[in-house]
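Please consider the structure shown below together with its sequence. The paragraphs that follow lead through it one region at a time.

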Amino acid sequence: VKWTKHYFILRDSNLLMFRGGDILTKPRGCMYLVGTETEAVEQTEDKNLFVFVCKSAKCGDVIELATHSEKYRKRWMNALRIGARVTYRDFKLLLKEHELFASFKVTVNGEEKVVVKPPRIDDTDVTGAQLDPGVMQAYTKEGKPMIRNPEGKLVDTSDGRVVESTEDRFNESGEQLDPFNRPLPEGAVPMFTADKQPIGVGPDGEHYLPDGTLVAKDAPHFDVNGVELPTEVVGAAEQVATDLNVAIKVRAHLQGEGTAAEAVDMLGRTFRQMKEDDKGMVINADGDKVPIATARVMDQDGGNKMVDFKTFRAKESKTHRDMGMVPVEERSGTLKILTEAGEDGKQQEVGTIDLEGMTTLRDVRNMIQGDMIKEDFVFINGDLPLLPNEEVNKLALTLGEEIVIRPRGEIKEMDGPKFNSKLEQMSAYERQKQKEAEEFANILKQIQTGSYLKPIVVPEEGAE
């Protein structure tokens, strides 16, 4: 049997087939999985291949597949069997609702609450970028989407200007959001200080400014017009804390193996850069420097509670030392970069890179793409392409000694000498900003020509 290398993506209950260099919107084949059966096949011709077959009794479709490990054969067989019964997206939603949410208890203001209804959560914005926990895609009153620019500032895509925190914003259903793009609970309104700084509720139920400064709940809170808010209106915003807790816990539970715990600030927003500078500062979602003391992590082994980032890291380090292991942040190693070339998917070494323990695949991408590797590419882990959002917290050293990359365009032999480089994380962050600036300019242009626009219904003033 002569095997031919292909790439597969499971999308809902459809198995999509690609060859090297294909664009992801034009698969070479598609198999509808509902009603199919998937079985392992024991074969003796090649002991390095783990074979399984998926077949449909209704239409007679049969496809024989193989991976390079028993682990990934089981993983694919399980996914195909799920797709044969319900759509994969439905399964993920059911998993969240019936397994994750059912077990969630959150503590707000010292009171433990059981979550009985999942909060409304958007995974990505209109450009496909992952949103922060509990955040929704925001639109202007005119229905133009708001997105973050490379500096972290929220901009109006109709003209590229930075949106002030006092400006109204809505979700795609026309419901008003708070200044941090979270849904407003019933009876709540956007809250500000007397000098118009936005106030938000954090996962712990406390009130904070964007830089993490605590605002006492009984301190004066004002609406956008400077009118002091009644106590009951301020209190109505408390539901945001419950929604944030659940959103953060969902993200934490859905992280895969070898993933760094995701840090969030006092308002539950992720950081743009967690590499601490010599003054103990990191870069928050707005692109501003804030003390690392404002960072929190969901401690899944400690009762699913939000804990101080440095306290969490110290606990993790102690656990590793007690087990006779080197703490993650003290590890180092070399990662071999392989690429696939030609129709047969031949692997070719293009270089190596020296890494620190906390280096993520996103850091690796920022370092090698551009000067060292010209083409855009995807990381391949166990025959499966990693999504961009999966790269953010995936620790590179947990992948072993090598990682395969697949160019998105035409696959060909790469010219030039192999590279060897030591990754400097701050340098990687600067490369990330440069890449984001190029992508942002392109996305902004597409949005302004209508490519990304989604119709929304914004209620007229005074309407119920």
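Ile63 is buried, with a relative accessible area of 18%; buried here means under 20% relative accessible area, exposed means over 50%, and partly exposed lies in between, with a 1.4 Å probe and protein chains only. Ile63 belongs to strand E6, residues 62-67. Helices (H or I, at least four residues) and strands (E, at least two) are DSSP runs, numbered from the N terminus. If neighbours within four places in sequence are set aside, Ile63 is in contact with Phe8, Met31, Phe52, Val53 and Cys54, where contact means heavy atoms within 4.5 Å. Thr38 lies 25 residues from Ile63 along the chain, and the C-alpha atoms of the two are separated by 9.6 Å.

The model is a predicted one, in which local features need pLDDT of at least 70 and side-chain atom pairs count only at pLDDT 80 or more, while totals for chains, interfaces and linings use all residues. Residues are numbered from 1 along each chain as its sequence is written, and side-chain values use heavy atoms, with hydrogens and water left out.

The chain as a whole comes next. It contains 8 helices and 25 strands, and 44% of its 464 residues are buried. Of the contacts between residues at least 6 apart in sequence, 55% join residues at least 24 apart. The accessible surface of the chain comes to about 24400 Å², and carbon and sulfur atoms account for 50% of that surface; such areas come from the Shrake-Rupley method with a 1.4 Å probe, and for residues only the protein chains shown count as cover.

Where do the nonpolar residues gather? A nonpolar core is a set of buried Ala, Val, Leu, Ile, Met, Phe, Trp, Tyr and Cys residues joined through side-chain atoms within 4.5 Å. The largest such core has 17 residues, and those that touch the most other members are Leu335, Ile337, Ile353, Val364, Ile368, Ile373 and Phe379. At least two residues of this core come from each of strand E20 (332-341), strand E21 (346-356), helix H6 (361-368), strand E22 (377-381) and strand E24 (402-407). Helix H6 gives the most, with 4 residues. Another core, of 14 residues, lies apart from this one and includes Met191, Ala236, Val240 and Ala241.

Within the largest core, Leu335 is one of the residues that touch the most other members. Leaving aside neighbours within four places in sequence, Leu335 is in contact with Gly351, Thr352, Ile353, Leu355, Ala396, Gly400, Glu401, Glu402 and Ile403.

Helix H6 also holds Arg365. Is this residue buried or exposed? At 6% relative accessibility, Arg365 counts as buried. Its side chain reaches the backbone oxygen of Phe377 at 2.8 Å, a polar contact, that is, a pair of N or O atoms within 3.5 Å; within protein, one must be able to donate a hydrogen and the other to accept it, and residues adjacent in sequence count only if both atoms are side-chain atoms. Beyond residues up to four places away in sequence, Arg365 touches Asp376, Phe377, Val378, Phe379 and Glu391.

Two further helices can be compared with their expected spans, each being 1.5 Å times one less than the number of residues. Helix H4, residues 239-253, has 15 residues and reaches 22 Å from its first C-alpha to its last, close to the expected 21 Å. H4 is mostly covered, as 12 of its 15 residues are buried, including Val240, Ala241, Leu244 and Arg251. Helix H1, residues 70-83, has 14 residues that should span 20 Å, and its end C-alpha atoms are 20 Å apart, in agreement. Among the buried residues of H1 are Tyr72, Arg73, Trp76 and Met77.

The loops deserve a look as well. Asn171 is found in the loop between strand E10 (154-156) and strand E11 (191-192), and at 2% relative accessibility Asn171 counts as buried. A polar atom of its side chain lies 2.9 Å from the backbone nitrogen of Ser173. The loop between E10 and E11 also contains Asn181, buried at 8% relative accessibility. Most residues other than glycine have a negative phi. Asn181, however, has a positive phi of about 65 degrees although it is not a glycine. Lys196, likewise not a glycine, has a positive phi of about 70 degrees. Lys196 is found in the loop between E11 and strand E12 (198-201) and counts as partly exposed at 36% relative accessibility.
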